[in-house]
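This briefing covers the packing of secondary-structure elements in one model, taking a sheet and then pairs of helices. Please keep the structure open while reading, so that each element can be located in turn.

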Amino acid sequence: MVKSETVAQDKLKVGLEIHQQLGSKNKLFCDCKIIDSSEYDFTFKRNLRPTQSEMGSYDQAALFESKKIKTVKYQSSKNANCLIESDEEPPKMVNNEALELVLTISLALNCTIEDELHVMRKIVIDGSNTTGFQRTILVGRNGFLEVEGARVGIQSVCLEEDAARIINEDKKEDETKAYFLDRLGIPLIEIALDPISNSPIFVTTVAQTVGRLLRSTKKVTRGLGSIRQDVNISTEDGPIVEVKGVQQLSQLPLVIEYERKRQDALNQIANELKKRKIDESSFIDKVTDVTQLLSKSSSKLVKKILTGDSRFTAFVLRGFKGILSFEPYPAIRLGKELGDLVKVYGIGGIFHSDELPNYGITPEDVESISAVLRMDTNDAFVLIGGPTKSLNTVLFELFTRIRKGFSGVVPETRSARLDGVTVFSRPKPGSSRMYPETDIPYISIDEGMLKQLSQNTPQPWNEIIDQICKKYNINKTLAENIFDSKYFLLFEKIVSHTSISPSFVISKLTEDLVSMEREGYDSSILSEDVLFCLFTELDNSRITKESIPLVIEKLLKNEFRDVDEIISSFGTESISEEYVDETISKIIHENAIVISQKGLDSVGLLMGRCMEVLRGKIDGEKVNKKLMTKLTEYLQKSKG
Ligand SMILES: [Zn+2]
């Protein structure tokens with residue numbers, strides 16, 4: 001088997017679909033305010049059924065989803081929801097503030113805008129909308145964007161309603177899927193770009209440029225989760241794989257690189273299968289219940305799976321020896337693809353002969369399974385264990401997936417992990433998912449309105465950054481960092497209410513918080529109010545510049561309720577000028593010998609001793625000043 005390391009760049013195509021929440025006051029089809037609310041006043045349940053599209057065909061993805069979930073639970077809050085989100089009342093007319101913003105952005109992206117806009121229903125199959133569909137309006141199409149001198153095509157710009165927020169992402173098999181309704185109905189812009197054949201870095205620059213254009217309007221939500229990228233990736237003119245939920249720009253090149261390798265690996269596996277001339281119509285053989293056989297196994301894992309109403313089934317893959325563990329790239333192999341597939345049904349118990357004996361399954365176990373299955377030397381077997389009621393469905397999906405292995409890449413929807421690895425989530429939905437919304441009349445767009453909006457198109461990014469540089473007297477990097485971050489508005493508020501230097505505020509709000517996130521802290525638990533309070537207390541000299549990282553860390557650890565409580569715990573309030581003076585004098589006297597030898601050069605050592613006592617209680621600069629004065633006095637006295 002030949003392992004190749006790269007795929008030619010011109011054979012890689014990446015289509016971006018960028019979703020960004022709009023910062024409008026109200027939702028898209030009702031007057032509810034936009035607020036995060038994990039509290040709820042009532043819950044209700046709905047049953048999911050695969051919906052037949054207008055064309056009369058069942059969507060493959062919808063059928064897949066319906067095998068997994070039957071009932072969905074929704075939690076609704078009075079503050080964030082009305083009856084429209086629960087689908088008990090028809091939607092109102094589209095939110096004009098949101099529509100104008102999307103029209104403005106479409107104009108900035110050089111799109112064609114129709115004079116009639118129609119609200120459409122897009123079938124949603126995972127329960128993330130109470131209606132079973134998502135409302136969407138195609139606003140602009142056939143536009144373009146200049147990026148580093150190249151023209152990138154814009155396919156469409158849509159105004160959509162956001163989905164409900166899932167509560168139990170990693171739900172157990174017997175648990176009902178549940179959603180909060182606070183996010184449902186928030187206006188969202190969706191920008192779909194033409195496929196790009198260029199480096200992953202260039203694709204990332206394109207995404208960054210679109211994100212910056214959106215932020216330039218100053219009317220979109222900022223922060224993690226408010227912008228989401230779906231990435232359609234194909235290689236060698238093969239099928240398109242859709243990767244959903246890329247939330248961070250830094251993830252994007254990693255995801256593209258991973259998919260490029262994964263798709264190449266699948267093609268290599270397909271080539272190897274073709275070379276072996278396996279009969280595609282009969283290679284899956286001897287599907288056999290081996291529960292009895294494995295009930296005597298000493299494997300802890302097997303025992304764990306075999307509790308309750310669970311069984312083990314094994315089947316042969318003729319001519320497959322070595323295929324399931326063939327690894328063209330590290331950790332990319334068919335065996336893993338199969339494992340990921342059964343995981344979406346909540347089944348973790350899948351093993352294959354290429355990796356056995358292992359997991360406590362002994363050579364004797366393997367031998368008896370092989371004997372029952374009448375294995376030939378070139379064959380492989382798959383062993384799968386789980387609840388009886390889901391096992392048949394899973395086996396069917398498994399067979400389908402293995403058969404598709406002969407053609408290489410499978411068109412499917414995957415989700416992205418932070419490190420760029422993508423994981424199977426469901427078959428790719430077909431195109432028969434849209435039909436007209438009958439509850440809302442069409443919206444007519446007149447020339448005059450567009451003319452007026454075209455005067456409000458966002459200022460170019462460079463101009464905005466230049467203005468921020470001048471206004472706050474900071475360099476370009478700092479200006480970009482803060483304008484790209486979710487804290488830009490908070491930054492402006494802090495700087496206008498305090499006398500703290502803008503560059504100091506930026507370094508704390510960007511670099512410091514990012515480095516704490518890298519250490520594993522979740523900065524989203526810090527509210528803007530808490531951060532604002534932190535800087536006003538600094539301005540009031542209740543805390544020092546040096547103690548800010550410490551206070552932030554304590555807040556992130558959730559040890560204290562608020563900044564005030566942390567300050568009290570420092571005892572900072574009781575620290576007096578006299579205490580500081582006394583501490584410095586004491587340290588000077590304790591170190592008389594060193595001072596007599598080194599004179600003024602001992603200041604570094606003394607400063608260290610002072611800060612051991614005073615750190616976080618008083619500004620280091622102040623201590624240094626006082627120490628210099630006292631040390632000079634002391635030296636003069638001891639001379640005289
Ligand atoms: Zn509402």
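**Sheet and helix packing**

In this predicted model, four strands form an open sheet in the order S14-S15-S17-S16, and their pairing is antiparallel. The edges of the sheet are strand S14 (284-289) and strand S16 (349-352), each of which pairs on one side only. From one strand to the next, the twist averages 15°.

**The sheet and its helix**

- Strand S16 pairs with strand S17 (residues 380-387) in the antiparallel sense, and this pairing extends over four bridges.
- Within that pair, Ile 350 stands opposite Ile 384, the latter belonging to S17.
- Helix H9 (residues 388-404) packs on the sheet, where the elements that H9 touches are S14, strand S15 (310-317) and S17.
- The direction of H9 makes about 150° with the direction of S17.

**Helices H14 and H16**

- Helix H14 (residues 502-518) and helix H16 (residues 548-556) have axes that come within 11 Å and cross at roughly 50°.
- At that angle the two helices count as neither roughly parallel, which would need an angle under 35 degrees, nor roughly perpendicular, which would need 65 to 115, and H14 and H16 are therefore oblique to each other.
- The crossing in which H14 passes H16 is right-handed.
- On the H14 side the contact is made by Lys 508, Asp 512 and Met 516, while H16 contributes Ile 548, Pro 549, Ile 552, Glu 553 and Leu 556.

**Helices H3 and H4**

- The axes of helix H3 (residues 200-216) and helix H4 (residues 251-275) come within 9 Å, and their crossing angle is roughly 140°.
- Since only angles over 145 count as roughly antiparallel, H3 and H4 are therefore described as oblique to each other.
- The crossing of H3 and H4 is right-handed.
- From H3, the residues Pro 200, Ile 201, Val 203, Thr 204 and Ala 207 meet a set from H4 that consists of Leu 252, Pro 253, Ile 256 and Glu 257.
- The contact of H3 with H4 divides into seven nonpolar residues, one polar residue and one charged residue.

Note on methods. Residues are numbered from 1 along each chain as its sequence is written. This is a predicted model: local features need pLDDT of at least 70, side-chain atom pairs count only at pLDDT 80 or more; totals for chains, interfaces and linings use all residues. Two strands pair if DSSP finds at least two bridges between them. Axes are lines fitted to C-alpha atoms, for helices over the stretch in contact, and angles run from 0 to 180 degrees between N-to-C directions. Two residues are in contact if their C-beta atoms, placed from the backbone, lie within 7 Å. A crossing is left-handed if the near helix is turned anticlockwise from the far one by less than a right angle, and right-handed if clockwise. Ala, Val, Leu, Ile, Met, Phe, Trp, Tyr, Cys and Pro count as nonpolar, Asp, Glu, Lys and Arg as charged, and the others, Gly among them, as polar.
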